[in-house]
Amino acid sequence: MRVAAVCGSDLHNYRASAESLAARGQNRIIPGHEPCGDVVALGPDVRGVRVGDRVVVYHYLGCGHCKHCLSGYLQWCLERRGYGGPIHGSDADLVLTNEVNCLPLPPELGYVDGAFIACQAGTAYSALGKLTPSGKDTLAVFGLGPVGLCGVLIGKALGARVVGVDLLRERLELALQLGVDEVVDAGREDVAKRLKALTGGEGPGLAFETSGSGAAHQQLIDSLSFGGKAAFIGFGARDRTVNLTEIIGRQLTLMGSFVSPIGMYWDLAAFLVRHHIPLEAIVTHRFALEDAPEAFSLADSGKAGKVVFEWPAS
Ligand SMILES: [Zn+2]
Ligand SMILES: [Zn+2]
């Protein structure tokens with residue numbers, strides 16, 4: 001391992017009680033699913049990967065022969081297994097994986113870029129691929145944690161005007177440093193009203209929801225323009241009430257999106273290289289693995305950008 005990053009999804013287990021982890025059989029599992037590093041050893045009959053290759057490890061294993069695996073949607077395979085649960089994850093010196101999961105890191109990209117592609121940049125790229133933003137669109141990004149910030153950078157590179165929404169000052173400031181066009185402070189402003197004011201009264205046509213907050217879901221639905229589209233990727237909201245009248249009357253398209261299919265890797269890597277997307281600027285804290293308690297506690301506070309574990313070059 002050279003870089004393994006801490007993800008919002010790791011925090012679900014971090015926040016869970018010891019009893020609930022044990023009940024799910026996850027109390028003895030190494031966390032982490034954002035691995036990037038060097039191949040150090042090969043099993044028999046491995047042909048496509050060599051020792052020394054710099055690789056991103058795709059973080060789902062599938063059966064390898066069903067229709068979902070063959071179409072690249074390993075996360076839809078009935079036998080899918082994810083790193084960090086149920087199989088041992090990336091917060092470790094070594095990870096055991098399959099040849100097909102080793103994705104070659106282009107020389108222009110660093111290990112931090114690779115760790116982002118493994119999960120969060122892949123998630124943002126895949127969701128934005130469904131929204132297809134361009135230079136004529138305003139894209140509202142709800143939640144400016146690392147995935148939201150990936151959405152900001154990728155949405156800008158695709159040509160959209162991007163407005164970021166969050167409650168935390170630190171996150172709004174980081175988004176501004178990364179070039180977001182406008183920010184809305186959800187703790188102080190009426191989000192839907194401000195988003196409409198920023199778009200000539202219509203509301204943004206596109207939205208990318210990463211916060212997992214029920215309040216943000218409602219603000220998003222209230223603010224989208226007629227015919228607007230949104231992709232939801234943030235888990236966590238407990239409120240299951242959705243105002244269908246709003247969705248029908250304004251002809252909204254609301255969709256879920258979850259990580260990215262393995263075959264999208266090559267397009268995303270080439271896109272990051274071509275647009276010089278500075279994913280590394282989202283990283284605010286780097287730790288050695290021995291300092292994991294501090295790293296997780298910081299990530300849990302929500303006051304950091306991306307938190308990563310780094311291994312020295314061998
Ligand atoms: Zn992740
Ligand atoms: Zn399968």
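Ile-248 lies in helix H10, which spans residues 244-249, where helices (H or I, at least four residues) are DSSP runs numbered from the N terminus. At 62% relative accessibility, Ile-248 counts as exposed, since exposed means over 50% relative accessible area, buried under 20% and partly exposed in between, with a 1.4 Å probe and protein chains only. The structure is a predicted model, in which local features need pLDDT of at least 70 and side-chain atom pairs count only at pLDDT 80 or more, whereas totals for chains, interfaces and linings use all residues. Residues are numbered from 1 along each chain as its sequence is written, chains are lettered from A and ligands numbered from 1 in the order in which they are written, and side-chain values use heavy atoms, with hydrogens and water left out.

Together with Val-242 and Leu-244, Ile-248 forms a nonpolar patch on the surface, with about 310 Å² of accessible area in total. Such patches are made of residues with over 30% relative accessible area and no salt bridge, nonpolar side chains (Val, Leu, Ile, Met, Phe, Trp, Tyr) being joined within 5 Å and like charges within 9 Å; the areas come from the Shrake-Rupley method with a 1.4 Å probe, and for residues only the protein chains shown count as cover.

Gln-120 is found in helix H5 (residues 120-131) and is buried, because its relative accessible area is 3%. Leaving aside residues up to four places away in sequence, the residues that Gln-120 touches include Cys-7, Glu-34, Cys-150 and Lys-306, a contact meaning heavy atoms within 4.5 Å.

A salt bridge, defined as a side-chain nitrogen of Lys or Arg within 4 Å of a carboxyl oxygen of Asp or Glu, occurs 15 times by this rule. One of these joins Asp-300 to Arg-15, with the closest N and O atoms 2.6 Å apart. This pair links distant parts of the chain, as Asp-300 belongs to helix H12 (residues 292-301) and Arg-15 to helix H1 (residues 8-15), 285 residues apart. Asp-300 counts as partly exposed, at 29% relative accessibility. In a further salt bridge, the side chains of Asp-137 and Lys-136 meet at 3.6 Å, N to O; Asp-137 counts as buried, at 14% relative accessibility, whereas Lys-136 is exposed, with a relative accessible area of 72%. Arg-171 forms a salt bridge with Asp-166, the closest N and O atoms being 3.5 Å apart, and Asp-166 counts as buried, at 9% relative accessibility.

Methods: Helices (H or I, at least four residues) and strands (E, at least two) are DSSP runs, numbered from the N terminus.
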